[in-house]
Amino acid sequence: MSDTAWIDAALTAARPQALGALLRYFRDLDTAEEAFQDACLRALKTWPVNGPPRDPRAWLIMVGRNAALDGVRRRTRQTELPPEEAISDLEDTEAALAERLDGSHYRDDILRLLFICCHPDLPDTQQIALALRIVCGLTVPQIAKAFLVGEAAMEQRITRAKAKVAQANVPYGVPSAVERSERLAAVAAMIYLVFNAGYSAGNNPARGEFCGEAIRLARLLLRLFQTEPEIMGLTALMLLQHARADARFDENGEIVLLDDQDRARWDGKLIAEGLALIDKAIRGQRPGPYQVQAAIAAVHTRAARAEDTDWAGIDGLYAVLERMQPSPVVTLNRAVAVAKVNGPAEALAMIEPLADRLGNYFHFHGARGAFLLQLGRAHEAHTAFDQAIALAGTPAEAAHIRMHLDRLVRENAGK
Amino acid sequence: MQYAILCYHDEDVVWSWSQEEDKAVMDRIAVVSEGLTKAGKLGTSLRLLPTTAATTLRKTQDPPLVIDGPFAETKEQLLGFYLIDVEDLEGALSVARELAAANPGGAYEIRPVAVFNPDRRGTAAA
């Protein structure tokens, strides 16, 4: 690996912890980001010459802190002294810093850094953009490209989101156990948003990277909270879904359904990790929605061929999920399993009452069309597929439904 | 004399490698491994999944205690390892418990294997 590649990897890996510590120290996101940026620039200069430091995170925190304090001191010669609370301790020594770095401190630092991105007033896309920018260190052009917006617009969006975060009372104290678990739940939801932004993007490679970033954040979180079954479940869920990434689209960029995917193209390493995690989570006997969803993904993964899938098991898991987290989308997913186990008539009866709430949902009309088609009600299926196409979020989704429609037309023509 | 070479690195860094970076490292290792195999010097090698996928069986007590996460004590040293082939974590724990009954004290860290390269010394020479 070249100098810059290993340094880049080290800086990326160190970012959440180093930035989290600098944020606690300076209590200001912009100052912390500038301090980290300064430290990275110095690392790029000195690490190739001196070799990497023994503890890159501690090095970056120390150097970043000193660089920012230098800046503050320089400015204070021209202006008045900074308020005491802006800099918590000017005389801090290396030993004190090392103490600050150990154990629970950095755990809460990283959690805080993730947590400020989940501000409830921020819409989903801004939470995602903020987390990718601040925690993962993606550049504004990278994020803009992924969301198909201009760089200036994305820059403005992130700046606004940061301003909102700064106005909010960022909690710097050590959280109580209850606060910590609330933060953890909010952060887990945000990480899954990042993942889904990537997963739902079809074959847009710029957005596809989000999946890897979300998994990286989840692994990081899991290392900090090793006994949290829902964090294990979330990580397993994303790993098992991401394992199928290469098989989800054909060479023309069109969707390949789970049943039709070439299972040899699933990523065995990600699957092994996902299965190990869900096994571990289930042992804890504290079930939650992420664990159940991961367990569903695990059932698919454990089937060597599509026809070996334990659909009854999947139906049962969806029934559990429906009780935990009632939602029409969960019922819709369950109906797909029910169609396999008990046939399309029962599945159709299950989803018809959802029409009011899912009338604008692409997958509702897609699934309904598929059930109608299986029941031989071609005309109604055609109408449902037309509705689905009108609601498709990506060209790949539309193309997939069009494939069903083409087949319908062909079959009717043949009659 | 047989030696075991134990690999240590910062997993935050290693699991942050892009697919291309990871593959580049693996490709370089494969070249070295190939030479070592031909020279009859390389036995089994493997890459472990991250410590987040680990479970630890503390066998200082009876019955042993199952703990989520990797082995984290520093007072004990790595003395050996077993490579086992089982259905799932439950299967691995049951093997570990059987071994623990024969050899109490200390701990077993149970870590899934990501990549397994079998011993090819016999076949490569032929």
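Which domains does the domain assignment of chain A give, and where do they lie? Domain 1 covers residues 1–84 and domain 2 covers 107–224, with bounds that come from an automatic or database domain assignment. The model is a predicted one, so local features need pLDDT of at least 70 and side-chain atom pairs count only at pLDDT 80 or more, while totals for chains, interfaces and linings use all residues. Residues are numbered from 1 along each chain as its sequence is written, and chains are lettered from A and ligands numbered from 1 in the order in which they are written.

Chain A first. Along the principal axes, its C-alpha atoms fill a box of roughly 90 × 45 × 45 Å. Of its 415 residues, 41% count as buried (20 or more other C-beta atoms within 10 Å of the residue's own, with C-beta atoms placed from the backbone). Among contacts in chain A with a separation of 6 or more, 60% come from residues 24 or more positions apart; a contact here puts two such C-beta atoms within 7 Å.

Back to the two domains. The centres of domain 1 and domain 2 of chain A, taken over C-alpha atoms, are 21 Å apart. Each of these domains puts eleven residues into the contact. On the domain 1 side, helix α1 (residues 3–26) of chain A has the largest share, nine residues. That side splits into five nonpolar, three polar and three charged residues, where Ala, Val, Leu, Ile, Met, Phe, Trp, Tyr, Cys and Pro count as nonpolar, Asp, Glu, Lys and Arg as charged, and the others, Gly among them, as polar.

Next, a helix pair. In chain A, the axes of α9 (residues 177–199) and α10 (residues 205–224) come within 6 Å and cross at roughly 155°, which makes α9(A) roughly antiparallel to α10(A) (angles over 145 degrees count as such, running from 0 to 180 degrees between N-to-C directions, with axes fitted to C-alpha atoms over the stretch in contact). Residues in this contact include V187(A), I191(A) and F195(A) of α9(A), and F210(A), L217(A) and L221(A) of α10(A). By class, the pair brings together twelve nonpolar, two polar and three charged residues.

Finally, the chain partner. Here 22 residues of chain B are in contact with 20 residues of chain A. On the chain B side, α2(B) gives the most, with three residues. The chain B residues divide into twelve nonpolar, four polar and six charged.

How values were computed. Buried ≥ 20, exposed ≤ 12 C-beta atoms within 10 Å, placed from the backbone. Helix = DSSP H or I, 4+ residues; strand = E, 2+ residues; numbered from the N terminus. Parallel < 35°, antiparallel > 145°, perpendicular 65-115°, else oblique.
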